[in-house]
Amino acid sequence: MGRGAQPSASLLLFSLGLVFLFFTAGGGVAAAQKTWCIAKPSASNEILAQNLDYACSQVSCAVIQKGGPCYYPDSLVSRAAVAMNLYYAYSGRHAWNCYFNNSALVVQSDPSYGSCTYY
């Protein structure tokens, strides 16, 4: 093909056929894996309390208040994990939104339990 020449109709049809075959054969863009942010079990109570305060200053933490679906177990690490994940989800689920001074982990297994749903 010379400079400025147009591709032939058969080349275009062939290319479209390959694209169609790719997508109908199960190819294509895979859905992104959902992730959650949780507190590291080794994080100190001081850091967890700071994370809880920060996350709840940015998002509603009603689910971890007394009577909320994520209040139990009544532990700092559990409530901090829920709050940190709320912040992470609200902020777009970027790895940098789950850093919390290296006291958090991004996981691919849903940490939801009982009536407590991690979003």
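Predicted model: local features only at pLDDT ≥ 70, side-chain atom pairs only at ≥ 80, totals over all residues.
Visitor: In which strand does Ala104 lie?

Guide: Ala104 lies in strand E2, which covers residues 104-107.

Visitor: Which residues is Ala104 in contact with, leaving aside its neighbours within four places in sequence?

Guide: The contacts of Ala104 are Cys37, Ile38, Ala39, Lys40, Met84, Cys98 and Tyr99. From the side of Met84, the list of such contacts includes Cys37, Phe100, Ser103 and Ala104. A separation between C-alpha atoms may also be read: for Ala104 and Ala81, 23 residues apart along the chain, the value is 8.1 Å.

Visitor: Which members of the largest nonpolar core touch the most other members?

Guide: Among the 25 residues of that core, they are Cys37, Ile64, Val82 and Met84. Strand E1 (36-39), helix H2 (45-58), helix H3 (76-90) and E2 each contribute at least two residues to this core. The largest share, 8 residues, is supplied by H3.

Visitor: Why is H3 described as largely enclosed by the rest of the structure?

Guide: The reason is that 11 of its 15 residues are buried. Among them are Ala81, Val82, Met84 and Leu86. The buried residues of H3 pack against E1, H2 and E2. Just after H3, Gly92 takes a positive phi of about 105 degrees.

Technical notes. Residues numbered from 1 in each chain as written. Heavy atoms only, no water. Helix = DSSP H or I, 4+ residues; strand = E, 2+ residues; numbered from the N terminus. Contact = heavy atoms within 4.5 Å. Core = buried A, V, L, I, M, F, W, Y, C linked by side-chain atoms within 4.5 Å. Buried < 20%, exposed > 50% of the residue type's maximum accessible area, 1.4 Å probe, protein only.
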